[in-house]
Amino acid sequence: MRKCRRLLGFAVFLCLLALFLGVAQVLLVPHDRAANPEAFLLYDYMESDAAADEVVFLGDCEVYEAFSPVTLWQNYGIISRVCGSPQQLLWHSYAVLCEVLERSDPRVVVMSVYGLCYGQPQSEAYNRMALDPLPLSAIKWQTVRASMTEGESGLSYLFPLLRYHGRWSQLTWRDVTTLFEQQQPVSSRGYLVKTGVKGALNSLPNHEGAAPVGDLSFGDMALDYFDRIVALCRENDVQLVLVKAPTDSWRYPWYEEYEAQMTALAECYDVPYYNFLEDFEAIGLDLTTDTYDAGLHLNVYGAEKLSVWFGQILTEQYALTDGREDEALAAEWQGEIDRYEQQKKEGENE
Amino acid sequence: MKHIRPILFAVGLLTLFCTIGCRPVSDVPPTPLTLLYRDTILTVGMQENEMLAALGDDFTLTEAQSCAGQGTDRLYTYSSVRLYVFAPEQGEARLSGVTCTDDGVQTEDGLRIGCTQADVMVVRGLPDEQTNTRMVYRQERTALIFTLRDGQVTGISLTQE
């Protein structure tokens with residue numbers, strides 16, 4: 001009898017400990033999406049019903065600030081979503097793609113090629129933005145192990161409290177109140193609406209003043225995951241399309257050496273590749289008006305132009321559904337359009 | 001046969017002297033990968049405030065926020081050089097790259113824009129990487145890059161790898 005009571009007491013203690021640690025984890029892991037929307041983009045994807053997606057975008061800000069699913073829908077009825085995250089590298093994209101294929105059956109996956117410029121893991125923060133939202137799986141664990149930077153612990157991806165316990169001294173009341181608020185999507189189907197206009201000095205992109213790069217060759221790790229992504233798309237009968245956004249700047253240069261390698265890679269793998277820098281003027285872009293940060297990224301006005309241009313290519317090249325003919329879908333997308341217009345309006349009024 | 005021992009002894013002695021005379025490569029300290037501008041040694045990783053205090057404030061500054069607010073990239077343009085600084089959200093802002101724009105900057109061993117490819121090889125030896133347009137020397141996590149055109153150095157850069 002005494003033994004039973006001891007065991008029961010121990011079990012209760014364990015339960016209370018688990019509850020305490022669980023609450024602590026929820027509180028301490030950063031969760032205020034409004035404070036840093038870019039860091040929570042993939043959470044929008046994980047919380048959405050993605051089953052109907054026919055076109056999925058993967059990559060870094062060259063997709064989530066360049067392609068607007070609402071514009072693709074309005075002009076072509078394309079059902080798309082952006083599954084991007086800050087500095088999403090090829091190994092991150094592979095893990096995200098595995099999750100995408102679990103949740104939907106896309107016909108086309110569009111991937112930004114800028115991640116190929118990084119041959120090694122870069123930053124814990126960007127690792128977490130890509131991987132924390134994904135559910136635990138063998139692929140996620142393998143990607144965590146592959147992408148950890150110096151000093152990172154794989155266990156902290158399983159138990160984030162191990163990483164964020166130090167935040168207790170930085171907690172504010174907002175950290176508590178946001179636990180009880182319903183978190184709104186930070187994006188428009190993965191596209192981050194940016195309404196600011198801060199023009200570049202030149203209307204055309206150029207990387208004058210770009211920082212030096214020691215090694216201009218695509219790294220082995222990036223190429224290995226590129227190979228895996230191509231194979232995964234082929235196994236699942238998904239058309240992979242590679243894109244280079246129409247941006248080229250001192251901060252994110254697209255050197256001729258990168259373009260030469262990319263062209264050769266696309267040809268070697270027989271995968272279509274579109275470098276929108278070559279179509280910059282035909283798209284109607286102008287970096288004195290279509291950028292919010294002096295040419296580093298497109299704003300919504302530039303993204304809409306690019307989306308209209310690319311939507312035409314997608315419609316002509318791939319057998320995509322025009323979802324506008326489906327009343328139920330059209331009603332669902334009207335909600336997306338309303339939210340998108342609201343985000344644009346709020347941004348313009350700031 | 002009678003003279004074989006003295007001959008062997010002489011050969012052995014000669015070999016010994018030659019061996020002692022050759023210093024192992026590892027004993028020769030590598031030339032540091034730094035640049036010299038306005039009497040200031042520029043090193044990848046040096047603190048931004050130290051750099052600015054030494055070089056002065058006659059620069060133009062261009063800034064760019066990193067994705068998701070992880071820090072700020074700063075480009076300081078002086079008359080002969082562009083300096084790239086990364087200021088993380090938390091931590092010290094440090095120099096991450098340098099690009100020389102004219103011959104007002106040199107390496108500590110005197111190489112500058114306008115030198116020849118042969119000059120570079122004589123002073124620094126074989127590069128770690130070489131193409132028709134670049135010679136790259138590496139040390140730990142720093143790369144010194146000489147850009148070439150028609151056998152002449154047209155650019156020198158220092159960067160963190």
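This is a predicted model: local features need pLDDT of at least 70, side-chain atom pairs count only at pLDDT 80 or more; totals for chains, interfaces and linings use all residues.
Visitor: Why are α5(A) and α7(A) called roughly antiparallel?
Guide: Their axes make an angle of about 175°. Angles over 145 degrees count as roughly antiparallel, so the label applies to this pair. The axes of the two helices, residues 90-103 and 138-147 of chain A, are 10 Å apart.

Visitor: Which residues of α5(A) and α7(A) meet?
Guide: On the α5(A) side you have W91(A), H92(A), Y94(A), A95(A) and C98(A), and they meet I139(A), T143(A) and S147(A) of α7(A). Sorted by type, the contact has five nonpolar residues, three polar and no charged.

Visitor: What span is expected for α1(A), and what does the helix reach?
Guide: At 1.5 Å a residue, the expected value is 39 Å. From first C-alpha to last, α1(A), with its 27 residues, reaches 38 Å, which is close to that. Its buried residues are A24(A), L27(A) and L28(A), and their cover includes α9 and α10 of chain A.

Visitor: What makes the pair F67(A) and F310(A) tilted?
Guide: The planes are 55° apart. Stacked needs under 30 degrees and edge-to-face over 60, so what remains is tilted. The centres are 5.4 Å apart, and the cut-off for a pair is within 6.5 Å. F67(A) sits in the loop between α3 and α4 of chain A, while F310(A) belongs to helix α14, 243 residues apart. Both F67(A) and F310(A) are buried.

Visitor: Why is the pair of Y114(A) and W254(A) called tilted?
Guide: Here the planes stand at 40° with the centres 6.0 Å apart, so this pair is tilted. It also links distant parts of the chain, 140 residues apart.

Visitor: How do you know whether Y114(A) is buried or exposed?
Guide: Buried means under 20% relative accessible area. Y114(A) comes in at 5%, so it counts as buried. W254(A), at 4%, is buried too.

Visitor: Are A68(B) and D150(B) buried or exposed?
Guide: A68(B) has a relative accessible area of 1%, so it is buried. D150(B), with a positive phi near 55°, sits in the loop between β10 and β11 of chain B. Exposed means over 50%, and D150(B) has 77%, so it is exposed.

Conventions. Residues are numbered from 1 along each chain as its sequence is written. Chains are lettered from A and ligands numbered from 1 in the order in which they are written. Side-chain values use heavy atoms; hydrogens and water are left out. Axes are lines fitted to C-alpha atoms, for helices over the stretch in contact, and angles run from 0 to 180 degrees between N-to-C directions. Helices (H or I, at least four residues) and strands (E, at least two) are DSSP runs, numbered from the N terminus. Angles under 35 degrees count as roughly parallel, over 145 as roughly antiparallel, 65 to 115 as roughly perpendicular and the rest as oblique. Contact means heavy atoms within 4.5 Å. Ala, Val, Leu, Ile, Met, Phe, Trp, Tyr, Cys and Pro count as nonpolar, Asp, Glu, Lys and Arg as charged, and the others, Gly among them, as polar. The expected span of a helix is 1.5 Å times one less than its number of residues. Buried means under 20% relative accessible area, exposed over 50%, partly exposed in between (1.4 Å probe, protein chains only).
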